[in-house]
Amino acid sequence: LEALRMFSGADEQKHSIFTGAIAVSSWMNQLAAMGKTAANPGFAMFNLMRDIPTAVVQLPKEYSRAKFLLNLASPEVWGSAFGNVFGDAFVKRDLTGLYKEAKEAGALITPQASMGMDPIISQTEGKFSPSVVQSAKKGLKRPGDTRIAQMLMALSQALESGTRLAVYNTVFEHHKDRGMSDQAAKLRAAVVAKKTTLNFEARGSVPLSPLYLFANAKIQGMRTAYEKLFFERNPYTWSAIAGVLSLGLLASMLGYRDSDKDKDGKSRYGKIPQNKRDTMFIAKEGAVGVPLPQEFAPLYALTNTLGDAIWGDTQAEPKQYLSRALRVLMQALTPVNVPQQDVVGYKANLSDYLLRMGLPSATLPFYDVATNKNTFGSEIVSNKERKAAQGMPLREMYSKNENTLAVNVAKGLHDVTGIDVAPAQLKYFAMAFDRTAVAFWSDLLGSDKPISYPGQVRNPLTRRFSTEATS
């Protein structure tokens with residue numbers, strides 16, 4: 001409210017440019033958040049696999065884990081979650097049963113909050129968006145307007161709500177059995193259900209999410225873990241800490257022992273992308289990773305890094321494992337961007353690293369393209385300077401294996417507007433939101449009428465070639 005008052009009255013014009021910039025940044029972060037969460041076909045199950053162990057670990061110690069797991073397996077819980085969420089999304093049916101009770105008590109999280117949509121920024125965006133932007137928005141087909149988008153978002157919300165309903169039922173039954181009134185038991189259950197995994201609706205006095213993607217989720221996740229450890233002194237949380245620390249070492253030991261050797265004679269385990277090893281339990285190269293709760297993943301990554309130093313042959317140099325350890329700590333303790341490139345060693349550039357940390361998340365793709373370097377420190381367009389010196393235009397800078405759609409769009413963009421851009425740069429802008437979601441949506445979003453464009457285009461869903469690309 002204070003933020004809104006600041007932009008009112010005589011100060012409105014003075015602050016409109018600043019607020020408009022914040023609103024645009026917020027809008028772009030919302031798109032990116034949607035691409036990584038609700039619009040990502042794989043996110044719903046990934047999130048469920050992460051929420052269940054988090055709830056077991058962080059449920060207050062007085063409540064039975066066995067009852068929680070029984071409630072989690074209950075058809076009533078999942079039937080209520082799926083029936084109400086899909087009923088509300090597609091037929092606008094009134095809420096019923098357990099879902100209605102939990103929602104009215106305040107136990108559930110809105111999809112908007114889980115994607116980081118800040119209510120203050122939403123209001124200022126509506127107040128200060130330039131008229132040209134508002135006009136451009138009219139007539140556009142929003143991702144959320146399509147049936148498949150609504151289905152994916154409903155699936156994500158139903159799975160996320162199911163875990164909270166199981167927590168709600170567990171806490172409600174616990175207090176009812178001990179003589180608490182219905183109203184008081186519902187309120188107690190709602191508070192625990194909202195706070196046990198992650199309360200996306202909690203906000204600090206300074207909203208950071210409009211500037212830094214998932215900043216609030218990181219802050220609230222670490223805050224919840226801190227409260228469970230030091231205020232609640234939850235033995236389950238402390239046991240989870242010990243287990244996660246041990247898992248990091250175990251994964252590293254098994255990974256270096258059991259993974260195959262690469263052509264250079266070094267273990268392929270150490271060559272698994274570090275950002276993947278930082279967030280998943282992976283005990284062998286090529287094995288399926290098990291996602292870790294966000295609050296405990298940094299601890300796992302630290303001991304996994306220690307395993308690099310003890311058993312590793314790929315990451316055994318101090319500059320490698322010390323750089324990874326420093327990055328993991330920064331990832332855990334700072335709500336701003338944390339680049340995935342090495343802080344020290346080859347490709348390291350401290351000034352570039354610090355600049356990437358401070359820039360708003362929405363501007364990073366533009367900065368990356370301008371510097372021709374992604375968050376891992378690798379080139380976006382290979383040998384760009386050498387090719388440019390030979391007089392090659394950006395639109396021609398691609399390999400024979402480049403995505404056909406990206407090549408055609410780059411050429412078409414130049415033909416229509418005169419703007420010269422490399423296919424890899426266009427693809428990078430799209431992938432900046434989310435690789436999986438872009439691959440899934442690229443042939444489903446756009447106008448209802450496909451436009452013809454010369455050249456063959458690979459359909460990302462069927463992997464077959466077509467001669468038409470959607471706008």
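# Reading a predicted model, one feature at a time

Q: Where is T334 found?
A: Look in the loop between α16 (318–333) and α17 (350–358).

Q: What does T334 touch, once residues up to four places away in sequence are not counted?
A: It touches K218 and M357. Take M357: it is 23 residues from T334 in sequence, yet the two C-alpha atoms are 9.4 Å apart in space.

Q: How do I read another pair like that, say N408 and P423?
A: Compare the chain with space again. These two are 15 residues apart along the chain, and their C-alpha atoms are separated by 8.2 Å. N408 has its place in helix α20 (residues 404–417). N408 counts as buried because its relative accessible area is 11%.

Q: What share of the protein is buried?
A: Of its 471 residues, 42% are buried. The protein has 22 helices and four strands. Now take the contacts with a separation of 6 or more: 62% of them come from residues 24 or more positions apart.

Q: Which residues touch the most other members of the largest nonpolar core?
A: General idea first: in soluble globular proteins, nonpolar side chains tend to be buried together. In this structure, the largest nonpolar core has 30 residues, and F68, L165, V167 and Y168 touch the most other members. Several helices supply at least two residues each, including α3 (43–58), α4 (65–72) and α5 (75–90). The largest share, nine residues, comes from α10. A second, separate core has 18 residues, among them V57, I282, F296 and Y300.

Q: What is L165 in contact with, leaving aside its neighbours within four places in sequence?
A: The partners of L165 are V77, A81, L98, Y99, A102 and L108.

Q: At what angle do helix α13 and helix α15 pack?
A: About 35°, with the axes 7 Å apart, for α13 (residues 235–258) and α15 (residues 297–311). The crossing is right-handed. On the α13 side the contact includes I241, V244 and L245, and on the α15 side it includes L299, Y300 and T303. The contact residues divide into 13 nonpolar, five polar and one charged.

Q: What is phi like at K92?
A: Phi of K92 is near 55°, a positive value in a residue other than glycine. You'll find K92 in the loop between α5 and α6. K92 is exposed because its relative accessible area is 62%.

Q: Where is N383 found, and what is its phi near?
A: N383 is in the loop between α18 (364–371) and α19 (384–389). Its phi is near 50°, again a positive value in a residue other than glycine. With a relative accessible area of 38%, N383 is partly exposed.

Technical notes
Residues are numbered from 1 along each chain as its sequence is written. This is a predicted model: local features need pLDDT of at least 70, side-chain atom pairs count only at pLDDT 80 or more; totals for chains, interfaces and linings use all residues. Side-chain values use heavy atoms; hydrogens and water are left out. Axes are lines fitted to C-alpha atoms, for helices over the stretch in contact, and angles run from 0 to 180 degrees between N-to-C directions. A crossing is left-handed if the near helix is turned anticlockwise from the far one by less than a right angle, and right-handed if clockwise. Contact means heavy atoms within 4.5 Å. Ala, Val, Leu, Ile, Met, Phe, Trp, Tyr, Cys and Pro count as nonpolar, Asp, Glu, Lys and Arg as charged, and the others, Gly among them, as polar. A nonpolar core is a set of buried Ala, Val, Leu, Ile, Met, Phe, Trp, Tyr and Cys residues joined through side-chain atoms within 4.5 Å. Buried means under 20% relative accessible area, exposed over 50%, partly exposed in between (1.4 Å probe, protein chains only).
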